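Please view the sequence and the structure first.

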Amino acid sequence: MQMVDMFYDQLEDAKKRKVPFVIPIGTIEYHARHTSCGTDTMVILGVLRELEKQKEIVVCPPIWYGVASYAVAGPQKGTIQVDVDTYENYIYCILKSMVYGGVKNIYCIAHHQTEEAGLMPMTLACHKAAKKLIMEYMEDTRGIGWWGSDAYKDYYNSLGSGEDPFSYIKVIPLLAKEAQHKCGGFDHAGKFESSLMYALYPEHVDLRRAKENTEWFSQNAVETSYDLGWHMVQCALEKLQDIVI
């Protein structure tokens, strides 16, 4: 279900049943000459489109602008960079509305700079926003010293479950570390990411333009293939099926 298409009673029902609410965490960034600048966000949307066919989820509006950094290219090539502190506060505000509104099963799914599922500025900002919010929410709703109260004597037994407040919000990569290894690799605007995009949004990949690329990271984009891309989609879905519950 797309959140923007849902009516109030549908949203309330999804909250009560703790249906996963998924937020695509993307960027607008230069992806060489052959793929569109929205690639990081679009591949998440494409995989979630497939995940919707397999399980019930609520797909929230994507965060298109993000902490892209100018590591790949500057603004002259279309990259739009949001300061990490500003971004953290923005994500915090979105999550705050959701949690205080009763959503207790949220997944922030990112694709940008998630090699080996490592923590980078954008994903760190999401983690910080989430933990800060939950600490404040629990103090606000349960009082100072909530964790130390007898009401939470089973805290360690419920770690990772729906009863664990620190599990209300999870920040995960689109392609888990294991999925990246199973795919055979991970890159930026090279054959792996380009193939993933090609399988999901072929009209946003122009392989004729791949021959015009001069940057090292996009040289093997000429090896882009639908089969590799669809394999990557399946690798991503396999892990997401287990994680997004």
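Y226 and W230 stand four residues apart in helix α8 (residues 226–243), so they are separated by about one helical turn; helices (H or I, at least four residues) and strands (E, at least two) are DSSP runs, numbered from the N terminus. This is a predicted model, in which local features need pLDDT of at least 70 and side-chain atom pairs count only at pLDDT 80 or more, while totals for chains, interfaces and linings use all residues. Residues are numbered from 1 along each chain as its sequence is written, and side-chain values use heavy atoms, with hydrogens and water left out.

The structure holds eight aromatic pairs, where rings of Phe, Tyr and Trp (its six-membered ring) pair if their centres lie within 6.5 Å, and planes under 30 degrees apart count as stacked, over 60 as edge-to-face and the rest as tilted. Two of the pairs are set out here.

| Pair | Centre to centre | Angle between planes | Kind |
|---|---|---|---|
| W146 and Y152 | 5.1 Å | 80° | edge-to-face |
| Y226 and W230 | 6.4 Å | 5° | stacked |

W146 is buried at 6% relative accessibility and Y152 is buried at 14%, whereas Y226 is partly exposed at 44% and W230 is partly exposed at 29%; buried means under 20% relative accessible area, exposed over 50%, and partly exposed in between (1.4 Å probe, protein chains only). Ring pairs also join W146, Y152 and F166 into a cluster.

Charged groups meet rings as well: R49 lies over the face of Y201, 5.0 Å from the ring centre, and the charged end of K132 sits over the ring of Y92, 4.6 Å from its centre. A charge sits over a ring if NZ of Lys or CZ of Arg is within 6 Å of the ring centre and within 35 degrees of the ring normal.
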